[in-house]
Amino acid sequence: MTKKILLSVFLLPAVMTFAQQYGGMWIPTELNEKEMKDLGMKISAKDIFNPQKASIKDAVVQFNGGCTAEIISPKGLLLTNHHCGYGQIQSHSTVQNDLLSNGFWAKNPQGELPNPGVTVDFIVDIKEVTSQILEGTDKLQEPELSKQIAKNIEIYKNSQKTEPYQSISVRSMYYGNKFYAFTIETFKDIRLVGAPPQSIGKFGSDTDNWVWPRHTGDFSMFRIYADKNNKPAEYSKDNVPYVPKHYLPVSIKDKNENDFTFVFGFPGRTTEYLPAIAVEKIMKDTDPARIAVRDVALKTLDEKMRTDDATRIQYASKYASVANYWKKWIGEVEGLKKSNAVEKKVQYENSLIAKNKDIKTTLDQLNKLYNDQAPYSLNNAYYSETIRNAETLTLANLFYNYVTAVEAGRMDEKGTISFKNRLTSFYKDYNAELDAKVTAKLLALYANKTAPEFLPAGFEKYKNEAQNLQTIEEDSKNSIITGRTEVNGASLSKDIEKAFSNQDKLIKTLKKDPVYQTYLSMRDTYITKADPQFTSMQTKIDALQKTYMAQQMATDKDRKFFPDANSTLRVTYGKVKGSSPRDAVSYNYQTHLAGVMEKYVPGDYEFDVPKKLIDLYSKKDFGVYKDKTGDVPVGFTATNHTTGGNSGSPALDANGNLVGLNFDRQWEGTMSDINYDPRFSRNIMVDTKYILFIIDKFADSKWLIDEMKIVK
């Protein structure tokens, strides 16, 4: 142990010359400008975020509520990841016109494709409003505390003047110790401009996901449209390209190791300040449970997708979504072990206790609660993942909520229309026969992995997987939920209006449905035997975590704290850097087109390469997009602290020019959501040179290049 501690003392100062010691996802109004400039930044914090005048924040948007995107031209041209636009590309694809496989490039603005429901959000202003939101809460405990905070938030929001296309979002930070108000401006006319074929945009697919070296051209392009006054508006053929307050110049300068970079975007969720006991439970219990469920679902889907093109297209987006966090959790577990995350947390806790004895009381209470909650937490992981990944059970859950709302008198005509629209969308990409196999295998896993006290009566029958396949297939055939049996003379998956024509008969039939009955037995058992205990303990844990967070901030005066990510606008920074994640293994910071050709497997689902790209490589027709090696750079890594939601985020250089497009993290460092370790944590970005090379040379879409400001 002594040797390990001494080693860390010698290692960390060298590491900190290129990264933040604890990582950092900083609110852009509270940047550590000095550290950023010490690392090499040339611009000011006001150039990054300034509510009074144009700044880089005016070129960064949240894309469709989940990813990030950035404006790269004065005509509202948006750049985001291919996987962020994947659902939209899929929605425009058919077997006859497969945009996923062939790519899509509009030849002019008239050829750009509308995407109903897709939005982008600008952050106009950020204000700390802690005193207003916590007013009158000093002596309150839950649930009265939450009620008063919710009331204060509404009072604050109602006091602010906004435009019709603007909204105010008040978000908790530091586990409820601070609150910030975000003024949001939403645009609703977003059109698809271009996307490479998935053999470029998804090159390496699941095999390469979360790993380095990477050779994926993970980008797609959209455009924001506005009304004639440049204001947000619903889709209309009369709308015009949006003129932004700021757009990002695109750099094609060579990158060098230790170049300063920063990433600006909307990271989804991190938990950097958990106690050691919480990290241990994630590493040993809940992550392995989630991995096990998704492993079964993915293998079953993959078998079918590899042999049937219609299924591949139908399930492409869903498969990618399920696989994404499955692989991330695998890397997270390994990374937490490798970085000795639990031991580091224990050492940190001991150092805090030495300064503040009250922290020991808080941690003792947290330790007891996490241990008491463990069996319920494990059941929560298996239950929620099974319902989520067995689509037939997901449908049963949707119908249960519908029946409950109708019987409680809470389902009006508008709600029914919304529910039917949701079902129509769901059934479009649902294969009942395939999912019967997924559901059967997941129920077998659930029956075998769940403690007997959490299983419904008679659920042991699902433990035999082979027998289970026959049982669930029979249930699926006799279910109106799957659409394989009719109700009111119609299948729900083919004629939803007719199937809903007699609501009373629909509900009566649903209640007798075999799939509905299976779901109901699982739900009732979970709600009765696990959820109340899990939720009650979690409420107490959350209250203590708020206390522990406040104690950390008050006690550790040498540490500069940033709030955990919660899908709000953040800045992280570091340097271009390779890594040495394992003994005798070293990674360069840059990959090239040559690496694409090295991985090329003709006709392969993941590693095929378009003929035109092969020809360009063979002829060395790289134009201005080659670097000092004479090849086209494809991807690079840096020490920026990113997470989900940062997908599509701009990676910027010291002068605020776009140099890359964030799309992933290195597998050895995915534990950075819980424990950022600068030795292993690397974000992965598509190089702007590769993006422009594909647009210009591969797609012959120089008209898009001409819109941009290129920095050479």
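Colleague: At what angle do helix α10 (residues 276–305) and helix α13 (residues 358–389) pack, and how far apart are their axes?

Modeller: The two helices pack at an angle of about 15°, with their axes 9 Å apart; the axes are lines fitted to C-alpha atoms, for helices over the stretch in contact, and the angles run from 0 to 180 degrees between N-to-C directions. Helices here are DSSP runs of H or I with at least four residues, strands are runs of E with at least two, and both are numbered from the N terminus. This is a predicted model, in which local features need pLDDT of at least 70 and side-chain atom pairs count only at pLDDT 80 or more, whereas totals for chains, interfaces and linings use all residues. Residues are numbered from 1 along each chain as its sequence is written, and side-chain values use heavy atoms, with hydrogens and water left out.

Colleague: What makes α10 roughly parallel to α13?

Modeller: The angle between them is about 15°, and angles under 35 degrees count as roughly parallel, over 145 as roughly antiparallel, 65 to 115 as roughly perpendicular and the rest as oblique; α10 is therefore roughly parallel to α13. By class, the contact of α10 with α13 has 11 nonpolar, 6 polar and 6 charged residues, where Ala, Val, Leu, Ile, Met, Phe, Trp, Tyr, Cys and Pro count as nonpolar, Asp, Glu, Lys and Arg as charged, and the others, Gly among them, as polar.

Colleague: Why is α14 called roughly perpendicular to α20?

Modeller: α14 and helix α20 (residues 514–529) pack at an angle of about 80°, with their axes 9 Å apart, and that angle makes α14 roughly perpendicular to α20. On the α14 side the contact is made by T392, L393, A396, N397, F399, Y400 and V403, and on the α20 side by V515, Y516, Y519, L520, M522 and R523, contact meaning heavy atoms within 4.5 Å. Sorted by class, the contact of α14 with α20 has 10 nonpolar, 2 polar and 1 charged residues.

Colleague: How do you know that E407 forms a salt bridge with K511?

Modeller: The closest N and O atoms of E407 and K511 are 2.4 Å apart, and a salt bridge is a side-chain nitrogen of Lys or Arg within 4 Å of a carboxyl oxygen of Asp or Glu. E407 lies in helix α14 (residues 391–407) and K511 in helix α19 (residues 503–512), so the pair ties together parts that are 104 residues apart in sequence.

Colleague: What parts does the pair of K328 and D673 tie together?

Modeller: K328 forms a salt bridge with D673, the closest N and O atoms being 2.8 Å apart. K328 lies in helix α11 (residues 309–338) and D673 in the loop between β20 (658–665) and β21 (683–687), so the pair ties together parts that are 345 residues apart in sequence. K328 and D673 are both buried.

Colleague: Is D302 buried or exposed?

Modeller: At 17% relative accessibility, D302 counts as buried. Its salt bridge is with R306, the closest N and O atoms being 2.9 Å apart, and R306, at 46% relative accessibility, counts as partly exposed. In total, the structure holds 38 salt bridges.

Colleague: Where is T642, and with which residues is it in contact?

Modeller: T642 sits in the loop between β18 (633–638) and β19 (650–652), and at 1% relative accessibility T642 counts as buried. Leaving aside neighbours within four places in sequence, the contacts of T642 include M25, V263, T572 and D673. The C-alpha atoms of T642 and G24 are separated by 8.6 Å, although these residues are 618 residues apart along the chain.

How values were computed: Buried < 20%, exposed > 50% of the residue type's maximum accessible area, 1.4 Å probe, protein only.
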